[in-house]
Amino acid sequence: MKKRLAGLAALLLLAGCFPPEWGANAILHPWRKPLTQKPRRPYQNLSFRGEGGILLKGWLIRSPAPRRGLLVYLHGIGDNRGSGLGLSERLVPQGWDLLLYDSRAQGESEGEACTYGYFEKGDLSKALDAVGAGSAVLFGSSLGASVALQAASVEPRVRGVIAQSAFSDLKTVARERAPFFASRSDVEKALALAEAAGHFPVGEASPQQAAPKVRVPVLLLHGASDRDTPAAHSQRIYEVLPGPKQLILVPGAGHNDALAGEQTWRAIEAWLSSLPADLGS
């Protein structure tokens with residue numbers, strides 16, 4: 001077994017491999033990946049209070065180019081803000097300020113439990129407050145994509161969402177990730193224990209449930225060969241989004257390489273260019 005079980009799939013496999021108590025603990029407490037990278041561009045360190053008063057840490061990178069707006073990067077589970085630094089090299093020169101922060105219970109941020117969007121969507125609003133943002137576009141990866149969609153359903157300052165490899169709802173992905181020898185009842189028990197210990201309703205950690213309230217443009221990206229979180233998750237979200245929407249299934253891509261191709265990045269840049277030019281402040 002690999003030393004690091006950092007991804008969502010690995011955590012939820014644990015939820016089915018061991019007694020429900022172990023599974024609940026694996027769901028709620030992602031491995032904290034050490035922050036080993038720093039931006040190569042000038043940046044500002046940020047510390048701000050999220051939902052419940054926990055301290056969240058991040059960076060703000062300002063663009064030297066004519067400003068197009070604020071882009072907020074939301075990372076995946078068992079990861080940290082450093083995974084978004086590629087955006088700073090690609091999109092900051094194009095006029096996008098970039099805000100990156102470690103999600104609760106991950107990276108350098110405080111927090112006892114990951115709640116898969118339930119409290120994280122409120123943390124996003126606190127992040128926008130911290131930088132005085134009047135509007136923003138969200139760029140989420142995996143768990144971060146699911147948080148971004150949930151945040152967009154309640155935060156009026158969100159003007160667009162790029163969601164890469166999102167899950168449609170926590171219960172479904174947990175059941176899918178459980179090994180074939182795990183009983184459904186054990187997975188359900190693990191989820192119930194996680195709900196009690198994490199103090200959040202597991203059933204509401206659901207981008208699919210939030211999607212009908214998302215009216216802003218959404219770009220969904222998903223690897224067509226994703227075995228960790230199948231593309232059907234993004235397809236279900238796409239079906240219930242009422243606003244402007246686009247779904248790109250990347251041929252041959254899995255869960256972690258949906259953004260590897262230049263063609264995908266050209267599609268992202270074209271989508272960003274199509275947004276209304278009122279993303280200032």
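**A tour of the salt bridges**

Asp 129 is partly exposed, with a relative accessible area of 47%. Select this residue first; the model shown is a predicted one.

The side chains of Asp 129 and Arg 157 form a salt bridge, with an N to O distance of 2.8 Å. Asp 129 belongs to helix α4 (residues 120-130), while Arg 157 sits in the loop between α5 (143-152) and β6 (158-164), so the pair ties together parts that are 28 residues apart in sequence. Arg 157 has a relative accessibility of 18% and counts as buried, because buried means under 20% relative accessible area.

Keep Arg 157 displayed and select Glu 155. These two side chains also meet in a salt bridge, at 2.9 Å from N to O. Arg 157 and Glu 155 are both buried.

Now move to Arg 62 and Asp 97. A salt bridge links their side chains, with 2.9 Å between N and O. Arg 62 is in the loop between β2 (55-61) and β3 (69-74), and Asp 97 is in strand β4 (residues 96-101), so this pair ties together parts that are 35 residues apart in sequence. Which of these terms, buried or partly exposed, applies to Arg 62? Arg 62 is partly exposed, at a relative accessible area of 46%. Asp 97, by contrast, counts as buried at 3% relative accessibility.

Notes:
Residues numbered from 1 in each chain as written. Predicted model: local features only at pLDDT ≥ 70, side-chain atom pairs only at ≥ 80, totals over all residues. Heavy atoms only, no water. Salt bridge = Lys/Arg side-chain N within 4 Å of Asp/Glu carboxyl O. Helix = DSSP H or I, 4+ residues; strand = E, 2+ residues; numbered from the N terminus. Buried < 20%, exposed > 50% of the residue type's maximum accessible area, 1.4 Å probe, protein only.
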